[in-house]
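Welcome, and please open your viewer.

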Amino acid sequence: MLSPIPMHVSRIFKDYALLWSMVVGVFLSPWAYRLAFLLPYIMFIMLSLSYTRIAPSDVKMSRVHIVLFVIQWVFGVGAYFLLRIWDEILAQGLALIILTPTAVSASVITAMMGGSMGFIIASLIIGNVTMSLLAPPLLSSLYPDTGLGYLATVMQILSKVSLLLIMPIVLIWGLRYRMPRIHDALSKRAGWTFYFWCFSLVIITSNTIRFFKEHQELDLRYGTIIALSVFVVCLLLFVIGRKTGKVMGILAVNSGQALGQKNTVLAIWMALTFMNPVVSVIPSFYVIWQNVVNAIQLAHYRRDTAAQTLNPPKL
């Protein structure tokens, strides 16, 4: 008869499920990337389930959003001008990922760690609108021969995120006021988002590995420099975001995810569409690093929450 799995081993697998999902994605990379077409649908389901936890009144702009926006653009533009002297591709790629708006999925991860989805949605709106308005002139200055039309580029960028951002909100808030029973039934299943995210990470990791294999023009030395540079930028964004939140009196996870978790799909698409395709490798590395950070953060949050449940503070 098989002996039961020790509790501490089970806890390691449960707390670090996101990391294990990435490991599975690496091993299944020759096949799992074929499921990439499912990602928009999985994200739609995750967002819809998560949005049952918030009301329209929870989405509010604050001065923290303005401070994070200023930090993001000063850091991004400064990084470009500092690094372009040494390597133009690295400078463009790191600046692109820093300036890229918050990921739509950040609201899901933030909610998993007890943060405010309303704060993240407000950050999404600010980030995507400003990126759409400011990116065209920046791209035109870097690539003047492409003949980018301003309005056409704005609409292209907005179209990449608007449907996935807006449609789940419209659906769930419509159910909230018109069909509350269905809304409440979905709300009870909001916890399923964690398992959907684990499954999506398998596909995302597999797709990223495939992407790297297709860019064999990068040698080992240059690839290592890019990977380490992206790792440093990723850590800085999460740390600066969390520190800013603490200083300004909000939950650190809110500001940390708003600044650190990036819409890498948008960044990769922008690099492939408007820039040198090699630049797209840099946000691809960010896919890995930000999900490693998310997995570790979530594991610590789940562990701390479990510890508080077992040992509640004495009054």
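A residue counts as buried here if its relative accessible area is under 20%, and as exposed if that area is over 50%, with partly exposed in between. Keep in mind that this is a predicted model.

**First stop: Tyr80 and Phe81.** Select Tyr80, whose relative accessible area of 10% makes it buried. A search of the whole structure turns up four aromatic pairs. Tyr80 and Phe81 form an edge-to-face pair, because their planes meet at 70°, with the ring centres 5.3 Å apart.

**Next stop: Phe231 and Trp289.** Select these two rings and you will find a tilted aromatic pair, 4.7 Å from centre to centre with 55° between the planes. Which helices does this pair link? Phe231 belongs to helix H12 (residues 220–247) and Trp289 to helix H15 (residues 281–310), so colouring both helices shows how the pair links distant parts of the chain, 58 residues apart.

**Along H12.** Now select the whole helix. H12 has 28 residues and spans 40 Å from its first C-alpha to its last, close to the 40 Å expected at 1.5 Å a residue. After H12 comes Gly249, which has a positive phi, near 80°.

**Last stop: Arg302 and Phe194.** Select both side chains and look at the ring of Phe194: the charged end of Arg302 sits over it, 4.6 Å from the ring centre.

Conventions. Residues are numbered from 1 along each chain as its sequence is written. Side-chain values use heavy atoms; hydrogens and water are left out. Rings of Phe, Tyr and Trp (its six-membered ring) pair if their centres lie within 6.5 Å; planes under 30 degrees apart count as stacked, over 60 as edge-to-face and the rest as tilted. Buried means under 20% relative accessible area, exposed over 50%, partly exposed in between (1.4 Å probe, protein chains only). Helices (H or I, at least four residues) and strands (E, at least two) are DSSP runs, numbered from the N terminus. A charge sits over a ring if NZ of Lys or CZ of Arg is within 6 Å of the ring centre and within 35 degrees of the ring normal. The expected span of a helix is 1.5 Å times one less than its number of residues.
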